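Here are my notes on the model. Please read them with the structure open.

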Amino acid sequence: MGLPALEFSECCLDSPQFRERLRSHEAELEKTNKFIKELIKDGKSLVAALKNLSAAKRKFADSLNEFKFRCIGDAETDDEICIAKSLQEFATVLRNLEDERMRMIENASEVLITPLEKFRKEQIGAAKDAKKKYDKETEKYCGVLEKHLNLSSKKKESQLQEADSQVDLVRQHFYEVSLEYVFKVQEVQERKMFEFVEPLLAFLQGLFTFYHHGYELAKDFSDFKTELTISIQNTRNRFEGTRSEVESLMKKMKENPHEHKNISPYTMEGYLYVQEKRHFGTSWVKHYCTYQRESKRITMVPFDQKSGGKGGEDEAVILKSCTRRKTDSIEKRFCFDVEAVDRPGVITMQALSEEDRRLWMEAMDGREPVYNSNKDNQSEGTAQLDNIGFSIIKKCIHAVETRGINEQGLYRIVGVNSRVQKLLSILMDPKTATETETEICAEWEIKTITSALKTYLRMLPGPLMMYQFQRSFIKAAKLENQESRVSEIHSLVHRLPEKNRQMLHLLMNHLAKVANNHKQNLMTVANLGVVFGPTLLRPQEETVAAIMDIKFQNIVIEILIENHEKIFNTVPETPPSNSQLLLSRKKSTDSKPPSCSERPLTLFHTAQPNEKQENRNSIINSSLESVISSNVNSFLNSNSAPQPSLNSSDLELEVIKPNRPNSLSPLRKARALYACKAEHDSELSFTAGTVFDNVHPSQEPGWLEGTLNGKTGLIPENYVEFL
């Protein structure tokens with residue numbers, strides 16, 4: 001189970017549960033800090049002591065093998081799983097290097113020690129400084145609050161008002177410091193996934209350069225290195241989008257904290273001071289209290305925010321009545337009396353402010369006037385899945401495919417807002433919207449047209465893939481087996497309303513064409529997933545946990561693009577039984593590197609046979625260069641705001657079938673891009689770089705037939721490139 005997400009809305013309540021979750025994050029950061037220190041120490045000894053190289057490398061490998069990543073959320077993406085197991089893979093490589101007596105690590109200090117020290121000092125160190133500030137403000141706030149609440153109500157009104165203002169300032173400052181600290185803690189937790197592993201990968205790359213005997217080992221490591229490099233790049237890209245979303249949410253919470261309260265099972269919750277009678281008199285004890293209107297149950301947990309510990313046993317009572325306490329009847333301010341069904345006497349409680357008392361009174365149906373602060377939900381826009389909506393989307397798609405399919409950063413670069421709104425007003429005019437023969441004029445830039453398409457989708461009353469299915473799609477993306485993911489998403493798509501499914505089909509056909517031109521427009525399937533995931537599957541509630549699921553939204557869109565023909569043109573199969581699901585999951589868990597019958601790591605929509613492997617090589621090489629040189633995706637990181645979702649209408653959807661070489665194609669030579677071990681007698685086993693003769697299409701979909709060393713057999717179509 002991963003680390004729990006820290007919601008900004010809980011910073012205001014500062015509940016015991018929030019403090020407990022915060023401590024788990026702090027413990028994980030401290031664990032990471034200690035591990036990095038140990039790793040740096042081991043790395044330095046590795047560089048300095050060539051004679052003890054064998055022992056130092058094994059210690060270093062053991063340290064890597066013992067550390068386990070803990071991600072935020074209840075599931076991990078394939079990229080995060082790949083990164084999480086990377087340390088164990090590194091350890092295996094280092095042990096093999098020890099067996100080969102490799103002793104050249106001249107550049108280890110530059111590529112390994114310095115980045116780790118920088119991460120520890122700048123990121124983890126900053127988190128520690130934020131914690132000190134947070135603890136200091138917690139103590140200051142609690143002290144000022146207690147002093148304020150102990151003021152006698154008999155003091156002058158001007159003195160009381162001045163005291164109230166002082167408490168409000170301190171409370172606001174404490175709230176802002178709390179938000180900043182939570183933001184920093186979660187930022188460091190996310191950063192370590194790539195800033196920590198990336199130096200290790202570069203260090204291993206340096207080892208391969210200086211060790212002649214490590215050449216064979218480097219070839220064996222090549223496949224995982226490629227997969228890890230892409231996973232790091234994908235994780236970094238997702239982090240950039242997620243970080244901006246979380247930062248935006250934090251700013252919203254700072255500006256309007258009451259409008260973004262977390263959904264709670266309780267009608268009211270917060271801190272109250274409860275009057276307790278002791279043998280020497282009365283005392284006021286701070287409790288964290290919750291109340292449920294349906295059951296009329298009040299729970300009181302004695303808790304001290306300064307020490308972070310409970311001060312006694314929890315107590316729960318059933319509410320009978322709630323009455324405001326008159327100011328002249330008690331020296332304390334903001335008091336009210338509660339009578340319980342299952343407890344004799346009256347419980348006197350003190351709220352934190354007059355407004356806080358009013359809210360408690362309202363929740364408990366006391367004598368305070370009812371005040372409803374809920375706002376009526378309004379429609380998100382006037383866009384609909386009708387003939388006008390389909391006409392607008394068709395016109396935008398037609399303009400993009402005829403005039404701008406090769407423009408770099410397609411759908412990533414946004415247009416000028418005023419121009420976008422003007423174009424939308426023209427397209428949405430009922431007088432001209434349904435005129436299908438009318439095309440968008442060439443005067444409109446492609447970035448304006450793509451922004452208009454995305455904006456229209458954002459204006460829909462709900463996301464194209466619907467709120468009610470959002471969690472189901474996310475769960476499908478979290479399945480461990482790729483085949484199970486495709487099958488589950490296939491089934492969910494056919495549960496969507498007809499117009500939603502038609503519009504989604506139209507959009508996926510279009511995005512597949514965009515991805516097929518990724519060498520020109522730089523928009524791979526992964527990049528399109530980043531753009532359209534938060535739009536088509538946006539959650540109903542904006543929380544940190546929902547933002548952390550954006551990476552799974554992107555995966556859903558990638559699967560839809562890559563499998564759009566199967567998903568939209570075929571009826572989903574009958575769902576497998578529970579035993580079949582468990583078996584497929586077990587096979588996925590126990591599986592090693594992909595065999596011939598499994599598809600390699602998918603980065604983009606399958607291109608036509610004569611372009612497919614060239615496209616794959618282009619993406620892999622660009623990803624490798626971006627990680628090793630640290631020039632990460634400078635173009636694609638610009639204008640990376642998440643995009644909206646899409647909806648469909650009456651239209652005829654063409655079934656697009658991939659072109660394949662026909663039986664009359666000439667016999668050609670092809671080279672293997674990956675190693676493959678045959679699983680059947682009819683298949684060929686080969687290593688990366690093997691050249692085949694007489695390669696031509698076979699009767700089996702997805703397979704070619706070729707000759708190797710006089711033997712003819714089947715070759716996976718996406719494992720080779722034609723010469």
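1. Contact here means heavy atoms within 4.5 Å. With that cut-off, take the contacts between residues at least 6 apart in sequence: 73% of them join residues at least 24 apart. The protein holds 24 helices and twelve strands. Of its 723 residues, 50% are buried.

2. Confidence comes next, as this is a predicted model. The mean pLDDT of the protein is 77. A value of 70 or more is reached by 80% of the residues. Among the elements, helix α17 (residues 498-516) has the highest mean pLDDT, at 94. Helix α24 (residues 612-628) has the lowest, at 39.

3. Two stretches need care. Over residues 368-381 the pLDDT is below 50, and this stretch has 15 contacts in the model beyond near neighbours in sequence. Residues 575-665 also have pLDDT below 50, with 214 contacts beyond near neighbours in sequence. Where pLDDT is low, the predicted coordinates should not be read in detail.

4. Is helix α14 mostly covered or uncovered? The helix is mostly covered, with eleven of its 13 residues buried. Helix α14 spans residues 446-458. From first C-alpha to last, α14 reaches 18 Å, close to the 18 Å expected at 1.5 Å a residue. Its buried residues include Ile446, Ile449, Leu453, Tyr456 and Leu457. Lys454 is also one of the buried residues. The cover over the buried residues of α14 includes α11 (387-403), α12 (417-427) and α19 (525-536).

5. Asn33 lies in helix α2, which runs over residues 16-48. Why does Asn33 count as buried? Asn33 counts as buried because its relative accessibility is 3%, and the cut-off is under 20%. Leaving aside neighbours within four places in sequence, Asn33 is in contact with Arg120, Ile124 and Lys128.

6. Now the strands around β3. Strand β3 (residues 297-304) pairs with strand β5 (residues 315-324) in the antiparallel sense, over four bridges. Within this pairing, Arg297 has Ile318 of β5 as its bridge partner. Strand β3 also pairs with strand β4 (residues 309-310), again antiparallel, over two bridges. There, Phe303 is bridged to Lys310 of β4. Strands β3 and β4 form a hairpin with four residues between them. Gly308, in the turn, has a positive phi of about 75°.

7. Strands β6 (residues 335-340) and β7 (residues 343-350) pair in the antiparallel sense over six bridges. How many residues lie between β6 and β7 in the hairpin? There are two residues between them. Glu339 stands opposite Val346 in β7. In a regular strand the side chains alternate between the two faces of the sheet.

8. Last, the rings. The structure holds eleven aromatic pairs. One aromatic cluster is formed by Tyr134, Tyr141, Phe174 and Tyr181. Which ring does the charged end of Lys286 sit over? That ring belongs to Tyr271, and the charged end of Lys286 is 4.9 Å from the ring centre. Lys478 lies over the face of Phe552, at 5.1 Å from the ring centre.

Terms used
Residues are numbered from 1 along each chain as its sequence is written. Side-chain values use heavy atoms; hydrogens and water are left out. The expected span of a helix is 1.5 Å times one less than its number of residues. Buried means under 20% relative accessible area, exposed over 50%, partly exposed in between (1.4 Å probe, protein chains only). Rings of Phe, Tyr and Trp (its six-membered ring) pair if their centres lie within 6.5 Å; planes under 30 degrees apart count as stacked, over 60 as edge-to-face and the rest as tilted. A charge sits over a ring if NZ of Lys or CZ of Arg is within 6 Å of the ring centre and within 35 degrees of the ring normal. Two strands pair if DSSP finds at least two bridges between them. pLDDT is the predictor's confidence in each residue, from 0 to 100.
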